[in-house]
Amino acid sequence: MPAPLVGRKFGVNVIDPPDRERCRGVRVLGISGSSRQEGSLSKSERLLKRALAKYETFGCITEFIRLKDLKIYHCEGNYSEDPSQCIYPCMSTLKYQDDQMQTVYDAILRSDILIIASPIRWNNHSALIQKFVERMNCIENQYSWFGNRMIKNKVAGLIIIGHVDGIQHVAGNLFNFLSWLGFAIPDVAITSWVGENDEDTTRDWEKIEGNPYTQEDLENMVHSSLRLACSLKNG
């Protein structure tokens, strides 16, 4: 006999909020990979800021970075020439005086939780996020080549928004990258929304606001990442 047709049940797998006292002082960094000229027009960025506001209700210290606002040079592939030349601070940071990637490095290293928000661009994350990923090579290479793990006891989550069904592809790529860096992934680590295939974006925010699953995922991601971060932070 075939199994009954069932779908995801709203409100069934709710992550309980952590103890606020344990969360006080946890540092949360939100990085927006949207390329929109106005941040308020980006759905992924708006959800990211909502997530940061939720973290603040637990006494967390939040920080927000918009990659588009920073001058960040592309990775120049020093590793391909000689792995020992992919160093920290990054060669590009040392080479170009106006490179601002060190701002991102510093924020990540002092954070306990990292939330990356990206739109879907042709079934992948944004170009800004890809530039960020490649410039993080020097952090990862500190461990793989020099034996110095710079990222320990840190938690990562994602916010992914788009009009094509590329959420799992984007999440798979980014979580693979984050795991290599040393981030821990909580039970619920993704907040997402996929629009209809008419790709009319003018009513997206109204639909995101009205989607109970996206809102539940956001709440669960905050609670789940805090639970794991507090456990790691407090031993």
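## Reading aromatic pairs, cores and a helix face

Me: Phe132 and Phe177 are both buried. What does "buried" mean?

Reply: A residue is buried under 20% relative accessible area, exposed over 50% and partly exposed in between (1.4 Å probe, protein chains only). The model is predicted: local features need pLDDT of at least 70, side-chain atom pairs count only at pLDDT 80 or more, and totals for chains, interfaces and linings use all residues. Residues are numbered from 1 along each chain as its sequence is written, and side-chain values use heavy atoms, with hydrogens and water left out.

Me: How many aromatic pairs does the structure hold?

Reply: A pair of aromatic rings is described by the distance of the centres and the angle of the planes. Rings of Phe, Tyr and Trp (its six-membered ring) pair if their centres lie within 6.5 Å; planes under 30 degrees apart are stacked, over 60 edge-to-face and the rest tilted. The structure holds four such pairs. One of them joins Phe10 and Tyr213 edge-to-face, at 5.8 Å centre to centre and 85 degrees between the planes. It links distant parts of the chain, 203 residues apart: Phe10 lies in the segment before α1 (20–23), Tyr213 in helix α10 (residues 212–233). Helices (H or I, at least four residues) and strands (E, at least two) are DSSP runs, numbered from the N terminus. Phe10 has a relative accessible area of 49% and is therefore partly exposed; Tyr213, at 30%, is partly exposed.

Me: What is the geometry of the pair of Phe132 and Phe177?

Reply: The ring centres of Phe132 and Phe177 are 6.1 Å apart and their planes stand at 80 degrees, so this pair is edge-to-face. It too links distant parts of the chain, with Phe132 in helix α6 (residues 127–135) and Phe177, 45 residues apart from it, in helix α8 (residues 167–181).

Me: Where does the charged end of Lys49 sit?

Reply: A charge sits over a ring if NZ of Lys or CZ of Arg is within 6 Å of the ring centre and within 35 degrees of the ring normal. The charged end of Lys49 sits over the ring of Phe64, 4.8 Å from its centre, and that of Lys71 over the ring of Tyr73, at 4.9 Å.

Me: Which residues have the most contacts inside the largest nonpolar core?

Reply: In soluble globular proteins, nonpolar side chains tend to be buried together. A nonpolar core is a set of buried Ala, Val, Leu, Ile, Met, Phe, Trp, Tyr and Cys residues joined through side-chain atoms within 4.5 Å. The largest has 37 residues, and those with the most contacts inside it are Ile31, Leu67, Val104, Ile108, Phe132, Met136 and Leu178. Helix α8 gives the most to this core, with eight residues.

Me: How do the buried residues of α8 lie, seen down its axis?

Reply: An α-helix has 3.6 residues a turn, so residues three or four places apart point the same way. The buried residues of α8 are Ile167, Val170, Ala171, Leu174, Phe175, Phe177, Leu178 and Leu181. They fall within an arc of 160 degrees, so they line one face of the helix; the arc is that of the directions from the helix axis to the C-beta atoms. On the other side of α8, Gln168 and Trp180 are exposed. Just after α8, Gly182 takes a positive phi of about 120 degrees.
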